Amino acid sequence: MSRFLAGLAAARRAGRPYGIASVCSAHPTVLRAALRRAAKGEGPVLIEATCNQVNQFGGYTGMAPADFIAFVEAIAAEEGVARDKIIFGGDHLGPNPWRREQASAALEKAAGMVEAYVAAGFTKIHLDASMGCAGEPAALDDRTVAERAAALCAVAEETARRGNLPAPAYILGTEVPVPGGADHALATVEPTAPDAARETIAVHRAAFGKAGLSDAFARVIAFVVQPGVEFGSDNVVAYDPPRAAALSALLDEEPALVFEAHSTDYQTEEALAALVGDGFPILKVGPGLTFAYREALYALDLVASDIVPGYGDRPLARAMEALMVDVPGSWSGYYHGDETALRIQRHFSYSDRIRYYWTRPEAEAAVAALLSALSGVRIPETVLHQYLPTIAPQEADRAEDILIAAVDRVLAIYDGAAANRP
């Protein structure tokens with residue numbers, strides 16, 4: 001188990017809490033930005049893949065777990081990041097990708113996925129069997145969830161033993177916001193009730209003990225709870241420490257544990273630092289990073305429209321609109337309103353469901369055309385200030401570097417919040 005992750009609870013107890021951003025993205029520019037930052041720092045970088053994104057059948061990225069690790073390692077080698085500085089995590093590993101199937105079939109595939117993740121070298125494993133399968137309630141009771149998680153843990157443990165691999169660190173629990181953000185405006189989000197979190201921990205501890213997995217439970221470093229953070233399509237619910245105080249206090253009863261916070265995207269550095277200090281030191285971020293990437297791309301699209309003869313009038317944005325209208329499956333169930341509202345959300349929503357389109361050939365061609373148009377072109381400082389005011393001129397030699405710098409601005413907020421690294 002990573003010493004860095006294993007030390008989170010002890011650091012909190014000692015009054016010197018530190019945290020880490022969990023980079024949940026398969027986008028090469030986001031990964032390069034995270035790894036480039038890691039190359040300059042002392043601490044590790046935590047990169048996670050989700051069950052729908054990467055699994056033994058390829059997921060929506062087309063990558064199996066071993067492929068994802070090889071993909072990240074190739075970028076890391078280019079950026080000069082040692083392999084031992086990278087912690088790979090698997091998120092929501094369970095039956096979710098196959099929840100429309102009968103439980104027995106879905107859980108068999110989930111077990112195969114867990115095996116593939118551990119065998120590939122993922123060492124932070126979030127086991128999530130909370131969702132109902134065909135014929136079951138959408139949300140299952142704690143005991144069923146815990147027993148299924150224990151069964152998946154047994155697969156992970158056996159895979160690690162058989163492959164002489166490091167024993168995994170586990171994350172359990174699942175009270176998280178809607179994946180990708182809520183689909184409507186939210187005023188507040190209720191933190192997990194302390195009694196509910198206490199019961200979840202107790203039921204999992206009992207289920208793991210009954211399954212002969214007490215040693216594995218000792219490597220559970222965190223439970224996922226809702227600290228009261230969320231983002232909708234066009235608003236963000238900020239962390240409010242007093243509302244989560246009772247939940248945070250539960251950790252005094254569980255000195256070996258911390259909490260993992262999902263959907264921390266778009267929180268301020270002050271809010272993220274408060275989360276770390278309150279016992280939520282693992283800070284999941286994904287859409288916020290690709291949102292920054294899209295912002296920079298669209299800004300460069302405007303730059304090229306203004307300064308590159310023959311480039312056209314925002315061809316990248318136009319190509320993305322045509323693509324998303326033609327292939328609406330990744331956004332149509334999440335965005336609502338009239339045609340103007342839908343168009344705005346397709347491009348500018350905090351949910352950032354446009355991120356599912358960047359690997360499509362039409363999008364890749366449009367991005368390549370933009371980068372080609374700006375290749376060797378000096379962007380006047382005044383134009384840079386107009387469209388990319390947070391980018392310094394020395395960062396603007398290449399359009400690719402501007403994209404990485406934009407993502408890095410977000411990562412810097414997380415690094416600042418995760419201070420007091422060991």
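A polar contact here is a pair of N or O atoms within 3.5 Å; within protein, one must be able to donate a hydrogen and the other to accept it, and residues adjacent in sequence count only if both atoms are side-chain atoms. Keep in mind that this is a predicted model, where local features need pLDDT of at least 70 and side-chain atom pairs pLDDT 80 or more, while totals for chains, interfaces and linings use all residues. Residues are numbered from 1 along each chain as its sequence is written, and side-chain values use heavy atoms, leaving out hydrogens and water.

Let's start with Thr192, in the loop between strand S5 (169-172) and helix H7 (194-210); helices (H or I, at least four residues) and strands (E, at least two) are DSSP runs, numbered from the N terminus. A polar atom of the Thr192 side chain lies 2.8 Å from the backbone nitrogen of Gln226. Thr192 has a relative accessible area of 4%, so it counts as buried (under 20%, with a 1.4 Å probe and protein chains only).

Now look at strand S3 (residues 86-93), where 8 of its 8 residues are buried. Strand S2 (residues 45-50) runs parallel to S3, joined by 6 bridges, and Ala49 stands opposite Gly90 in S3.

Last stop: helices H11 (residues 287-307) and H12 (residues 315-326), which pack at about 130 degrees with axes 8 Å apart. The axes are lines fitted to C-alpha atoms, for helices over the stretch in contact, and angles run from 0 to 180 degrees between N-to-C directions. H11 brings Leu297, Tyr298, Asp301 and Ser305 to the contact (heavy atoms within 4.5 Å), and H12 brings Pro315, Leu316, Ala317 and Met320.

Conventions:
Buried means under 20% relative accessible area, exposed over 50%, partly exposed in between (1.4 Å probe, protein chains only). Two strands pair if DSSP finds at least two bridges between them.
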